[in-house]
Amino acid sequence: MKEPGDQDTDGRRLDKSKSDGKRSLSSLKSASKFAVREDATDETFVEGGESYLEDDDYDTERLEGSSGSFHYDYVDNIGDSQYVEDLAPASEEVEEEVKKKISENFFYDYTELISMPFVTPDSNIPLDLLTLVHSFGYDCRKRANLQLLDSNTVIYIAGNQLIFLNLKTKEQMYLRSSSGRGIGVIGVHPDKTYFTVAEKGVFPKIIIYEYPSLKPYRILQDGTELGYAYVDFDNSGTLLASVGSSPDYTLTIWNWKEEQPILRTKAFSQEVFKVTFNPEDDEQLTTSGSGHIKFWEMALTFTGLKLQGSLGRFGKTATTDIEGYMQLPDGKVLSGSEWGNMLLWEGGLIKVELCRAARKSCHQGPINQIMLDEGEVITIGADGCIRIWDFETVDTADSIDDTGLLEIEPINELQVGKNVKLFSMIKMNEIGSNFWLAQDANGAIWKLDLSFSNITQDPDCLFSFHSGAVEALAVSPLTYLMATTALDCSVRIYDFASKTPLAQMKFKQGGTALAWVPQLVSYTGAQIIAGFEDGVVRILELYDPKGLTIFAGRKKISDADIILKQVFKPHTARVTALAYERDGEILATGSKDQTVFFFEVEKDYKPIGYITTPGPVRQLVWSSNSHPDSTLLIICENGYVLETPLPTIKEEEENRDVVSYEIKDMDIKYFHFSSVKSKILRLIEIEKRKALRDLKKKEKEERRKQLAAEMGEDGEKELQVEEEEEEEEEEPLPEIFIPSTPCHILCGFYSEPGKFWVSLGGYDAGFLYHCEFPLYDQSTAIIKKKDEPFDFRLLEDTEDNPIQTITFSIHQDMMFCGMQNGAIRVYILSQNKPSLINTEYYWHFNIHDNNYGCIKGICTSFDDRFLVTTGADSNIFVFTIFSEFELKKDIKAEVPSPRFGIETEPIPKDIEDPKAYSIENARRKRQHDKLMKEVEEIKAGKREKLKALRNEFWKLLEMNQGLPKHMQFKRTDFDIDSKIRAEIGRKTAFKIQQVEKELAWEKEKHQIGLMKLQNRFRESLESDTIVVHAIQSDHKISSYRLVKPSKYCKSKRTSLSDRRTSKLERLEKEGAGRKDSQKDTGGNISVPEESIIEKGKKFRPKTLSEIMVENQIEKTRKLILKAERAQLKIQQRKKEWEELPTQRKRT
């Protein structure tokens, strides 16, 4: 890195070039005539741009962060240049401005910064209604979401929280975001004494905390519009670089200790993944992202300090997203690519592309991180491999041919696992070891030993999580156990009271629905039912393996284990809902395939039948015990809500011969939601205007009384004049609007028999709608039905943030709502009267990520002590619910004991093939196979009868042949009806004609298509390519593909009559004429020795070989002539030297 004294002091003027114009960063930090400029383009700053700070503030704060020594170094370096005059008056104010410098011991108050829950005024809802106690999730697909603070503590982002995880004790601590809109990215100071939390929101902050005190130390503001994508400290830790996310992608360099931006520009027009300083030169930075990499330099020019960017040009190499890269000490940059090779950049161009032997890629998939450690290059790939490369080989690499590829081999490599997708890696601060922590995008944190010695430890998975959205959640009805599933094909069990993951089970397909089997079915509460994206439903049993017989040599016994108890496939698409009837007798399953299947639970989930729905099933809700009848509420995504009674269970004898499981005689009620939001808004506006008119009328009455008392009749006249002046035309009321596409129903629940509440997304968001099933009308088609809710409840601040899922406490006194933006909202209800009379008072708190953390599941524990939420951001949070009674410490869930003989029970065969038949399709297949078998048997019987008749007929023919000729029957006499054959022929011809008519359109279509292809590819050719292969060798020869000349060329081409004859044609013509003249005259004219053909050869064009031979002969002749001339010149010079003495004697 350059020092202040390294600058050129001979010149009196700064050169515009980068080499002479650059100054060391330490001197630039103290320049007082320095103003932050914003770029109008990606490459350069706009000269004369406005300061980032206001003018008045800038005059008093422009030297913050500068010291006297830096200031004098700067003046000494530039000599008598024009900057001395500018700095002279500013130097007089140094002492005053240093006083205003932020004190190194200054800290912000954490309690004033963090976001708090929102509670509606006068609601008497406690602020600590929910308290976060643990997080089981990890946003493993977020960039750089694993940072190390010391040898035992790591930090990572979980929604609106920053989690501190102790690797030894596994204890967690939490920091809240200040904006309540989520955290974008985190970073750690090189000395591990500070860490940054770059947030999301409207003009979010970057908060720098001191470690280990966790006090807010500095706050950086106005660095981007909506969120930060990456932050990085320079090697010395004095500067901080940040880059924003969409839409601005702003790159900012901060003097973070003084909370001042130094430089700012737009990094790129597309998504930027990363920004880093060069470890060897703080004046150089690199950014990379979607389809680009950009190299930046800080340079001091006439107009001040600038951040100049140079976009990397891929040239012949395919453009790629660049996730991982590394700056080399000499300024070159080594980056990864999507196809797994490494690209070495120099001067903004690709110098060489590095691959493995035989053109094999360095990694199978993108390279997510590249690092330089102890003289070795380390690459981390999405294929789960870590490879070590020789630094000298990489640094000196150069292309050796036109391909631009160079083959190298790694020194060492480590395959972490098969289903591992490494995203980032950090080195642990353990002396004498080479341990690293790795972020696995498939949901894990690994501890890796990269020492590559005889005692190297195997990769150790420290923590395992769901990857991707957590799709479903279920809580035990008896103890503090919960189950979750996700599209990562796993089902996991947790003890959320003791904050312990217990067990997990992997499958071939992702999980989409979960339900805990009620105690009426499984009295121990040990069974869980899960639905998957291929339509399969599995029943799992949880047990404590410590209760089993222990065999000698058995490994460590876990606290819980899961086994597969039963599996069946009722659907052909993803299962979206599972629900047990209130008595536990029937299970209902819903799916995206628009069916609801019913099963008889007591008889090992024997299929009862299914019904079809007008749309994909979203939710299934059985009526509670307060309802007189047990009914099922079916909520479809596309605006339909159905209610079905309990299905009739048929006897096995009645059900044996049924072709399909479909239930067609069920009495189903339908409700087709029609948008009424515009009508509601119109009514609200009318009420507002009415209230405003009443208020104005009241004010006028008071005004009239006041004027009448003061002025009498004159006051009445004056009041009339004022009323005439105040009269204004009212704005028109909002128009009635109904969206063309029905809005999706997100969730719903029963209110009373035949009535229900629903929450919708899209245009209809912002309300809860109370609906009632209309009277059944067979004359009206279901699709044409349009039903409107009869009541509604306004929900504040949910216009763009609808309720995604709803659950109630056990005592029905609280309604917990999971919002689309990851927030939790709690409404307090009247105890023992679960009605939505008032929705004005609520408790609201942002928990999950606000951009992609939509809450997928929310449940309370069996005793209302805990609340659990799962989101699309992979996070699982556990809260304690405010209670007057203290929660006992060290509580733990009780894992059900194993059933007797569970270890000897055979495990059912799982359905792993996603194309396997569903229950309905399997039954139809069986019926079809049975029917086809019966048909084949009938056909076989008919064939046997025909065969017997045919044999009898041939015998009759033979007997007829044996009779005398006068007694034999004619062959036509055996025809029963002569018209049969003609009728058969006529029917056959008619069928052929019908088929031709049916296929006429397709035939014409394909003929036209063929004609177009021929016109495009064949008709335009004079002759196609013809390849002739040798039989006894690999030689081949091919002709050219010649294109016909266009019509324009043909019209311009001269005809044969107009075309000028060639020399050869004229010669042949003259030769033929001479021969004819000789014959006519009969003269003895001798024929020339050369024939016409030989003369023609003189005029034909020479071949390339002939031209080359002639050129070589001409060159040889010239060389010989030149040599002869040189020899003659030498001889002449010798002769002159010999004659020289004789000439001297004469003189």
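At 31% relative accessibility, Q812 counts as partly exposed, and that makes a friendly place to start. Q812 sits in the loop that connects β52 (803–808) with β53 (814–819). Its phi is near 60°, a positive value in a residue other than glycine. Keep in mind as you look that this is a predicted model.

D122 belongs to the loop between β1 (118–119) and β2 (130–135). With a relative accessible area of 70%, D122 is exposed, because the exposed class covers values over 50%.

While we are on backbone geometry, two prolines deserve a visit. The peptide bond from Y211 to P212 is cis, with omega near 15°, and P212 lies in the loop between β9 and β10 (216–220). Further along, S246 and P247 are joined by a cis peptide bond with omega of about 10°. P247 is found in the loop between β12 (240–244) and β13 (250–255).

Now step back to the whole chain. Its secondary structure comes to 18 helices and 62 strands. Of the 1147 residues, 45% are buried. Among contacts with a separation of 6 or more, 54% are between residues 24 or more positions apart. The chain exposes about 65100 Å², and carbon and sulfur atoms supply 51% of that area.

What lies inside? The largest nonpolar core has 38 residues, and the members that touch the most others are M482, F496, L542 and V878. Strand β32 (residues 470–475) gives this core its largest share, 5 residues.

V202, F203 and L226 form a nonpolar patch on the surface, with about 310 Å² of accessible area together. F203 is in the loop between β8 (194–199) and β9 (206–210). F203 has 48% relative accessibility and therefore counts as partly exposed.

For a helix, go to α12, which covers residues 919–962. An α-helix has 3.6 residues a turn, so residues three or four places apart point the same way.

Charged pairs complete the picture, with a count of 31 salt bridges. In one of them, the side chains of R359 and E407 meet at 4.0 Å, N to O. R359 lies in the loop between β22 (349–355) and β23 (367–373) and E407 in strand β26 (residues 405–407), so this pair ties together parts that are 48 residues apart in sequence. E407 counts as partly exposed, at 42% relative accessibility.

Another salt bridge links E413 with R387, and the closest N and O atoms are 2.7 Å apart. E413 is in strand β27 (residues 412–415) and R387 in strand β25 (residues 385–390), so the pair ties together parts 26 residues apart in sequence.

R1018 and D1024 meet through their side chains in a salt bridge of 2.6 Å, N to O, and D1024 is partly exposed, with a relative accessible area of 24%.

Conventions
Residues numbered from 1 in each chain as written. Predicted model: local features only at pLDDT ≥ 70, side-chain atom pairs only at ≥ 80, totals over all residues. Heavy atoms only, no water. Patch = residues over 30% accessible without salt bridge, like charges linked within 9 Å, V, L, I, M, F, W, Y side chains within 5 Å. Areas by Shrake-Rupley, 256 points an atom, 1.4 Å probe, with all protein chains shown as cover. Helix = DSSP H or I, 4+ residues; strand = E, 2+ residues; numbered from the N terminus. Buried < 20%, exposed > 50% of the residue type's maximum accessible area, 1.4 Å probe, protein only. Core = buried A, V, L, I, M, F, W, Y, C linked by side-chain atoms within 4.5 Å. Contact = heavy atoms within 4.5 Å. Expected span 1.5 Å × (residues − 1).
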